[in-house]
Amino acid sequence: MQAAAGVQPCRALRPQRAHRAGSHASYPRPARPLRSSSSSRSSRSSSSSSRWSGQPCGRCAPAQAVPADLQRLADEWLQLDGSAGRSEIEQLVAREDAAELQDRLGQRLQFGTAGLRGLMGAGSNRMNTVTVQQTTQGLLHYLQQHEPRRLAEGGVAIGYDGRHHSREFAQVAAACCAAQGVRARLFSELVPTPFVPAAVEQLGCAAGIMITASHNPAAYNGYKVYWSNACQIIPPTDAGIAAAIEQELALWPLPPLGGTSAEQGLPVEDPYQHPLVDDPLHQVAGEYYHRLAARLRFRGMNDNAAAPRVAYTALHGVGTPWLLRAFQAFGLPPPVLAEAQCSPDPGFSTVSFPNPEEGKGAWLMAFAAAEAAGATLAFANDPDADRFAVAERDPATGQWRAFSGNEIGAMLADWVLRNHRQLQLVDSLGLGLGQGAEERLAVLSSTVSSRMLEAMARKEGIRWAETLTGFKWLGNEALQLEKQGYTVLFAFEEAIGFMMGQLEHDKDGISAAVVFAELAADVYARGGTLVAHWQRLRQRYGAFEYRSSYFVANPPSKSVAVFERLRAAPPVAVGGCAVRAVRDLGTGVDTSQPDGKAVLPWQPGDLMITYYLEGAVLTLRASGTEPKLKYYLEACCEAGEEASQRLADQLEAAVAAELVQPDVHGLTRPQLD
């Protein structure tokens, strides 16, 4: 019989000690709590291997004697960590490498709305089985207080990608659930991130956990949390979970989730032998593809069968089998695979950055596969398949053009809106109802994304809503609009994230890819190209000219100095354009509002300022997950496309020269493939 969700773990349960062949860390032993620090998480990048090599980062200062307080932290960590990774700390202590020990142990990997994300390795400031267990313990305690019924009935959904240790971390999370009498809905295969919120929604789970670091380099991993509404968490939930983690850092004894080999009597990996662990894959995937085809396929299967083939890269991630199944559900020809990148590879061996936004290097193999097959389109997902990108080859020149997230978003929004309205009209006429009252429709985008969606919504007579950056905000705002009676059709952000509102409340690279494939099939069937289709949308809704990039701020404190300077001496003009209003989400000021107060959520000290200029909008924002200071600007001039381009170029030059001043603050430009 399943134990109640709030019961305490049985102290008689012995901790899990065995680990699977090839694993670099076993489930840790229970021990007394680790001393923690309130310092912020380090976001520095690392060139070290994603395997736990036990070697220091190479950046450290010459070895110094280990101070007593740091030695105490190392001793406490070694009492916690029963995995093979503990040797990293032992070796650092033996070398008296105080700098690296301070980096690993002097602070905790902080939990926020993005969950956890950081370098893998031993120490409280790294992703490892100890920090994963502590985080899951805190999450479960918070759920016991705030979602006790759903926790008892639906449990927690747990998925993982193909990175080093992802499966292992997921099994630690599942063992924590089992120790508390909570059902662990543990996926048996590598899945796209969108399958976890799908499981939460379909199975009535209290929360979802996805082990992934998205498109970060190979040395990273992460822990993303979805709430019971199948959306990413937002404040104050993140702070509540973080506090619960800190309250109980001692490790629970974990039940063994495996069985034994009949032939050799050795531990084997079979967590599903535990009565509280089950595999939701078949049910969740089946329902996901049923809804996808029923709600978002707008052309007939025969029409789609004649669609032009596209090339596809999963960038060494999990997307390939799930995208192939989506294409099959829509009746589309299977894509031509960039074979070397379409199987999971935790080392990302063919790309420096497994992100189709990061320069041409990520596209090279997809372009080669397309050209070999005579295809003019190439698709890409990021490694956890929650983002989507597309490029088109010009048959005349042979040159490839990768579309931006804003361009893809506008094309998808137009496609979904036109077809949804057409279907609603057909349904109404078929029932003899006439046209009747118009359905209340809504679309959303983040504040740093193109304003073309706003222009589209205004022209088409539907609601547009703006949110802070990130799908945690877009998804939760969509739910609020639905409660007000709106049908939310679509949401997007410029960082190639797209949400099909009739399917989900988070970004999804699989659904976006198959819907876009059908869109492209329709465009090509009419004798057009995507480039020409995009130009028609610009003619209808405005010649929006967008620019975005970033500066590397390593350490992230370098970004703080930039914002401090801008707040101390606010610019009255940027690139010769007068500043008409300023919104500062670190101070709560928005001079465009009648009361001078920001409408969007803000927190003291947040690093995000928007300047409203004559004919343009420009935002500076420090990333919450990476050592980057990002900028986003968009110009739209009534004089037309060339005027918009000139203004955007002028402002982009001013971002560095006038606002960021990278040479002054020690920031650098990114090195892209």
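These legends describe close-up views of a predicted model. Local features need pLDDT of at least 70, side-chain atom pairs count only at pLDDT 80 or more, and totals for chains, interfaces and linings use all residues. Residues are numbered from 1 along each chain as its sequence is written, and side-chain values use heavy atoms, leaving out hydrogens and water.

**View 1. Phe 298 and Trp 415 form an edge-to-face pair.**
Rings of Phe, Tyr and Trp (its six-membered ring) pair if their centres lie within 6.5 Å; planes under 30 degrees apart are stacked, over 60 edge-to-face, and the rest tilted. By this rule the count is 15 aromatic pairs. Here the ring centres are 6.2 Å apart and the planes stand at 70 degrees, so the pair is edge-to-face. Phe 298 lies in the loop between α9 (281–296) and α10 (301–305), and Trp 415 in helix α13 (residues 405–430), so the pair ties together parts 117 residues apart in sequence. Helices (H or I, at least four residues) and strands (E, at least two) are DSSP runs, numbered from the N terminus. Phe 298 is buried, with a relative accessible area of 17%. Trp 415 is buried at 3%. Buried means under 20% relative accessible area, exposed over 50%, and partly exposed in between (1.4 Å probe, protein chains only).

**View 2. Phe 388 and Phe 516 form a tilted pair.**
The centres of these rings are 5.8 Å apart and their planes at 50 degrees, so the pair is tilted. Phe 388 lies in strand β12 (residues 388–393) and Phe 516 in helix α16 (residues 509–525), so the pair ties together parts 128 residues apart in sequence. Both Phe 388 and Phe 516 are buried.

**View 3. Arg 440 and Lys 628 lie over tyrosine rings.**
A charge sits over a ring if NZ of Lys or CZ of Arg is within 6 Å of the ring centre and within 35 degrees of the ring normal. Arg 440 lies over the face of Tyr 486, at 4.1 Å from the ring centre. Lys 628 lies over the face of Tyr 550, at 4.1 Å from the ring centre.

**View 4. Five strands form an open sheet.**
The order is β10-β9-β11-β12-β13, with mixed pairing. Two strands pair if DSSP finds at least two bridges between them. β10 (336–337) and β13 (400–402) stand at the edges, each with a single partner strand, so one side of each has no neighbour in the sheet. Two bridges join β9 (residues 310–313) to β10, and these strands run parallel. Ala 311 stands opposite Val 336 in β10.
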